[in-house]
Structures are given as C-alpha cells and as structure tokens.
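I am opening my notebook on a structure that I have not looked at before. I will write down what I look up, in the order in which I come to it.

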Amino acid sequence: MTTAPQLVVHRDKELMAQAAAARLITKIVDAQAARGSASVVLTGGRNGNGLLAALGASPARDAIDWSRLDLWWGDERFLPDGDPERNVTQAREALLDSVPLDPARVHPMPASDGPYGGDADAAAEAYAAELAAAAQPENHAEAPSFDVLLLGVGPDTHVASLFPEHPGVRETERTVIGVHGAPKPPPTRISLTLPAIRSAREVWLLAAGEDKAQAAAIALSGAGEIQAPAAGAYGRSRTLWLLDSAAASQLPRDLYPPASP
Ligand SMILES: O=C(O)[C@H](O)[C@@H](O)[C@H](O)[C@H](O)COP(=O)(O)O
C-alpha cells in the first residue's frame, strides 16, 4: 500500500534539523514505551548528519534509552573502516560516539577492508542476512519493521544509493544490493532497495536547499520510481517529507501553497 506523503516545510535547514531531531526523539521514546525498543535507519549526507548533530545538542536526548535503540543504515559508501567519507564514520562523529548505545545494536554496513574485502555484492548479501535475522518471524519479512527510516534526497532524486535509471532502483527481490558505477562518488556503494525501504513503518525524507527544489517537485508530482527513486520511498504507515522553504520552492501549489503576503 502506498501512503500519501505528508509535507512539513520549515523556514531554513537549521530549523528543519532541529524540528526533525525533536520529532525523532519523540518517535523513539514512544516506540520504546510501546514495544520495549526502537529501530531507526540512518542516512548519509549533510541533512541526515545535521539531524544527528541537532539531536545531540538537544537536552531532550536524555529521554531516549540509548541501550534499547537499534541502528541500521540505508546505504554506505564502500570504503575502508574509519574512512571519513563513510556514512557510519560521519554519524559517529555527529552523534553516536557521544551517547551510550549498545554496540551489539549498532549495525553499520560492511567496510571494503572487512571480511568481504572489496566484494560489495558479498558485503550486501551479508547485510541482507543480518536484516533477515533481525526481522520479526511473525511478519514473515526479510527486514525488521523499522520505526523510522531516514533518507536524504539527492538533487537527481536519488535516495540511499538508488539512482535514477540505475539497476538498483529496479530491484524487487533483494533487500540489500552492491551498487557499482554510482554517479555520486564513491562509485561503489551498498544500499537498501526500495522493497526494504518500504518495510519501514515510517519513512522520513529530508531535503534542504534550492538544489533540491526540482527533485522534490518531481518526486512529489507523480513521477515513476525508476526515473525518480524518491517517489518510490514510502513507509507502511507514514511517509513524511521534511523540507526547508528553499527545497519547497518549486512544489506544485496544490501540495504547498505559498504563504499569503
Ligand atoms: O551516501 C550518501 O551520499 C547518501 O546516503 C545520499 O543518499 C544522501 O543522503 C543524499 O545524496 C543527500 O545528501 P545531502 O543531504 O548531503 O544533500
């Protein structure tokens, strides 16, 4: 089932990051109260890291029971462990190193100097097995029911490492794939697929800045997911686009009416 996207537009990217962080804290606290633990899928990119930094700066971060939080990644740049360009390295710097997480609940995607060497496809297969092992058996699913899956949106409408017209965006069976020849560096990556993204309860897409305006307009105006992967990113119970006003500036009027003067 497709959930119709809901839009929230903030004045600027700083406010967007702070409001998204506040929203995420509440969501994690509620999930922990309801189910004992929470699971979040992190994204790479400036907006995802901005959200993590804002979360770290919020006094309300102490409301989270960090030992009962599972963290996964939506994609990874296939580079050696500790490389500053890896999404996990950037997330650690932005937040993860400063909170008391249970290391057994933190699930980074494999690095290119790990057990699978430079074989991104084998690394992707291993991550798929990790996801399947964490899936709730009663759901007969290949991936857990993530509470929130975060995605940055590229200016070309890519999400995770699923690029327009690239083979990965057509994947319908596997939950995780090796990506080769990505248009955004580095060329070799690992990514969740659209079916895995859609196993999340809630998918939140983050877009800030003028260079995202066209992408947001295209993805939200009925484009196909092969041409505009962000259009295929939706959650089982909610799909939320969090934008700043620059990224919302080209949205069709029926989606986001500009404020009256
Ligand atoms: O590994 C990556 O580069 C990302 O996961 C990628 O999908 C990113 O989220 C978008 O390109 C948006 O990035 P920005 O938030 O920096 O614009």
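I began with helix H3, residues 87-94, in what is a predicted model. I looked up which of its residues are buried, and found Asn87, Val88, Thr89, Gln90 and Ala91. I then asked what these buried residues pack against, and the partners turned out to be strand E2 (38-42), helix H2 (46-57), strand E3 (69-73) and strand E4 (75-77).

**The whole chain**

I stepped back to the chain, which has six helices and nine strands. Its C-alpha trace spans about 60 × 40 × 40 Å along the principal axes. I looked up the radius of gyration as well, and the 17 Å of the chain agrees with a compact globule, because a globule of 261 residues would have a value near 18 Å. Buried residues make up 47% of the 261 residues. Of the contacts with a separation of 6 or more, 76% are between residues 24 or more positions apart.

**The annotated domain**

I checked the UniProt record, an unreviewed entry, which lists residues 12-241 as "domain: Glucosamine/galactosamine-6-phosphate isomerase". In the model this span is 30% helix and 16% strand, and its end C-alpha atoms lie 14 Å apart.

**Around the ligand**

Which residues come nearest to the ligand? I noted Gly44, Gly45, Arg46, Asn47 and Gly152, out of 16 residues around it. H2 and E4 each supply at least two residues of the shell. By class, I recorded three nonpolar, nine polar and four charged residues there.

**Backbone details**

I turned last to the backbone, keeping in mind that most residues other than glycine have a negative phi and that most peptide bonds are trans. Thr157 has a positive phi near 75°, and this residue lies in the loop between strand E5 (148-152) and strand E6. Is Thr157 buried or exposed? I found Thr157 to be buried, because 27 other C-beta atoms lie within 10 Å, where 20 or more are needed.

In the loop between E5 and E6 I also found Ala160, whose phi is positive at about 45° although Ala160 is not a glycine. Ala160 is buried too, with 35 other C-beta atoms within 10 Å.

Pro186 is found in the loop between strand E6 (176-179) and strand E7 (189-192).

How values were computed. Residues numbered from 1 in each chain as written. Predicted model: local features only at pLDDT ≥ 70, side-chain atom pairs only at ≥ 80, totals over all residues. UniProt positions renumbered as here; feature names shortened; annotations may be inferred. Helix = DSSP H or I, 4+ residues; strand = E, 2+ residues; numbered from the N terminus. Buried ≥ 20, exposed ≤ 12 C-beta atoms within 10 Å, placed from the backbone. Contact = placed C-beta atoms within 7 Å. Rg over C-alpha atoms; globule rule 2.2 N^0.38 Å. Near = placed C-beta within 6 Å. Nonpolar A, V, L, I, M, F, W, Y, C, P; charged D, E, K, R; others polar.
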